[in-house]
Amino acid sequence: MTHVVVMNGPNLGRLGVREPEVYGALSMEDLRQQVASWAADLGLEAEVRQTDSEAELVGWLHQAVDSGSDVVLNPAAFTHYSYALRDAAAMVTKGGLRLIEVHISNPYAREEFRHRSVVGPVATGTIAGFGFDSYRLALSALAGGR
Ligand code: DQA
């Protein structure tokens, strides 16, 4: 069974409280439940993680490489400036695994500093702007095979 690690970066643990006009009313716990149900339907084994720490996120990407797991990554604000995260994400895709960058909102329709992703160029693909459905679409792409 394909194993997928769904990784979420800083401030996404505050979903439901943080800017509900942008991110909606649902929490990280709601996302965990939705991902569990989508993964079961798609025949995937998925685990959801969230951290505010760049170092922890980089470590999780190293682990994904070592364990051969595909990744769904919402790098949150790190998207826009973390070369450390980009380098770690590149190891995933250069290692023959798939990494899908996701965003709940559409960063291109927001402030200018959100228009650039340093992760996008090394990702397998990017899905943005569909709320939590961005994660469902990413899982569905991974379940669709290579
Ligand atoms: C986000 C978009 C980023 O610009 C922002 O910093 C986030 C969340 C999204 O899911 O829409 O924290 O990645």
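**Entry 1: helix 4**

I looked up which residues of helix 4 are buried in this predicted model and found Leu-85, Ala-88, Ala-89, Ala-90 and Val-92. I then asked what these buried residues pack against, and the partners are helix 3, strand 3 and strand 4. An α-helix has 3.6 residues a turn, so residues three or four places apart point the same way.

After helix 4 comes Gly-96, for which I noted a positive phi, near 90°.

**Entry 2: the chain as a whole**

I counted five helices and five strands in the chain. Read from the N terminus, the elements run β-α-α-β-α-β-α-β-β-α. Along the principal axes, the C-alpha atoms fill a box of roughly 35 × 35 × 25 Å.

I recorded that 45% of the 146 residues count as buried. Among contacts with a separation of 6 or more, I found that 78% join residues 24 or more positions apart.

The five strands form an open sheet in the order 2-1-3-4-5, and the pairing is parallel. Which strands lie at the edges? They are strand 2 (45–50) and strand 5 (125–128), each of which pairs on one side only. From one strand to the next, I noted an average twist of 20°.

I followed one pairing in detail. Strand 1 and strand 3 (residues 70–74) pair in the parallel sense over five bridges, and Val-4 has Asp-70 of strand 3 as its bridge partner.

I then turned to the helices on the sheet. Helix 2 packs on the sheet by touching strand 1 and strand 2, and its direction makes about 165° with that of strand 2. Helix 3 (residues 54–67) also packs on the sheet. I listed its contacts as strand 1, strand 2, strand 3 and strand 4, with an angle of about 170° between the directions of helix 3 and strand 1.

**Entry 3: the nonpolar cores**

I looked up the largest nonpolar core, which has 23 residues; Val-6, Val-72, Tyr-135 and Leu-139 have the most contacts inside it. Strand 1 (3–8), helix 2 (28–42), strand 4 (99–103) and helix 5 (133–143) each supply at least two of its residues. Which element gives the most to this core? Helix 2 does, with five residues. Apart from this core I found another, of 21 residues, with Ala-64, Ala-90, Val-92 and Val-118 among them.

I listed the contacts of Tyr-135, leaving out residues up to four places away in sequence: Val-6, Asn-8, Leu-31, Trp-38, Val-72, Asn-74, Val-102 and Ile-104.

**Entry 4: Val-102**

I placed Val-102 in strand 4. Is Val-102 buried or exposed? Its relative accessibility is 0%, so Val-102 counts as buried. With residues up to four places away in sequence again left out, I found that Val-102 touches Val-72, Leu-73, Asn-74, Pro-75, Ile-127, Ser-134, Tyr-135 and Ala-138. I also looked up the separation of the C-alpha atoms of Val-102 and Ala-76, which is 8.9 Å for residues 26 apart along the chain.

Definitions and conventions: Residues numbered from 1 in each chain as written. Predicted model: local features only at pLDDT ≥ 70, side-chain atom pairs only at ≥ 80, totals over all residues. Heavy atoms only, no water. Core = buried A, V, L, I, M, F, W, Y, C linked by side-chain atoms within 4.5 Å. Buried < 20%, exposed > 50% of the residue type's maximum accessible area, 1.4 Å probe, protein only. Helix = DSSP H or I, 4+ residues; strand = E, 2+ residues; numbered from the N terminus. Contact = heavy atoms within 4.5 Å. Pairing = 2+ DSSP bridges. Axes fitted to C-alpha atoms, helices over the stretch in contact; angles between N-to-C directions.
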